[in-house]
Amino acid sequence: ESMFIRGEWNSWGASEESRMRLVGQYTWGANITISGFQRAKFAPFVDWSKSYGMHPDRELLYNLPDYDPRHVRFAPEPYMSGSEASR
């Protein structure tokens, strides 16, 4: 079993530095240092035959409720599909 974190900071590569370690059941970990927002994907195989994260924008499903007066000005950028689990 393997998992790589691949992104803009490592040119989307699958090197030993981007290899994650299995730290628990269905739980992968890695220590990386990045500056600012970076796009990334998780890929279990070097050949990209499967990957997770960074999909097209999607509508925010849960907006502020109408009784909150801030709902008129609330305009967040949509989350990228797959990124919610890593917050």
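This note goes through the predicted model point by point.

1. Overall make-up. The protein chain has 4 strands and 0 helices. Read from the N terminus, its elements follow the order β-β-β-β. The chain is 87 residues long, and 15% of these residues count as buried. Its accessible surface is about 7100 Å², with 53% of that belonging to carbon and sulfur atoms.

2. Contacts along the chain. Taking the contacts with a separation of 6 or more, 46% are between residues 24 or more positions apart.

3. The β2–β3 hairpin. Strands β2 and β3 run antiparallel and are joined by 3 bridges. They form a hairpin, with 2 residues between the two strands. Tyr26 sits in the turn and has a positive phi of about 60°. Across the pair, Leu22 stands opposite Trp28, a residue of β3.

4. Val23 belongs to strand β2. Setting aside residues up to four places away in sequence, Val23 touches Trp28 and Gly29. Is Val23 buried or exposed? Its relative accessible area is 59%, and the cut-off for exposed is over 50%, so Val23 counts as exposed despite these contacts.

5. Salt bridge Glu8–Arg39. The whole structure contains 2 salt bridges. In one of them the side chains of Glu8 and Arg39 meet, at 2.7 Å from N to O. Glu8 has 33% relative accessibility and counts as partly exposed. Arg39, at 40%, also counts as partly exposed.

6. Salt bridge Glu16–Arg19. Here the side chains of Glu16 and Arg19 meet at 3.2 Å, again N to O. Glu16 is exposed, with a relative accessible area of 56%. Arg19 counts as partly exposed, at 29% relative accessibility. As background to both pairs, side chains of opposite charge can pair when their charged atoms come close.

7. Ser18. This residue is found in the loop between β1 (4–7) and β2 (21–24). Beyond its neighbours within four places in sequence, Ser18 is in contact with Met3, Phe4, Ile5, Asn10 and Gly13.

8. Backbone angles to check. Most residues other than glycine have a negative phi. Which value does Trp12 have? Trp12 is not a glycine, yet its phi is positive, at about 60°. Trp12 is placed in the loop between β1 and β2, and at 25% relative accessibility it counts as partly exposed. Trp48 likewise has a positive phi of about 60° although it is not a glycine. Trp48 lies in the segment after β4 and is partly exposed, with a relative accessible area of 32%.

Key. Residues are numbered from 1 along each chain as its sequence is written. This is a predicted model: local features need pLDDT of at least 70, side-chain atom pairs count only at pLDDT 80 or more; totals for chains, interfaces and linings use all residues. Side-chain values use heavy atoms; hydrogens and water are left out. Buried means under 20% relative accessible area, exposed over 50%, partly exposed in between (1.4 Å probe, protein chains only). Contact means heavy atoms within 4.5 Å. Accessible areas come from the Shrake-Rupley method with a 1.4 Å probe; for residues, only the protein chains shown count as cover. A salt bridge is a side-chain nitrogen of Lys or Arg within 4 Å of a carboxyl oxygen of Asp or Glu. Two strands pair if DSSP finds at least two bridges between them.
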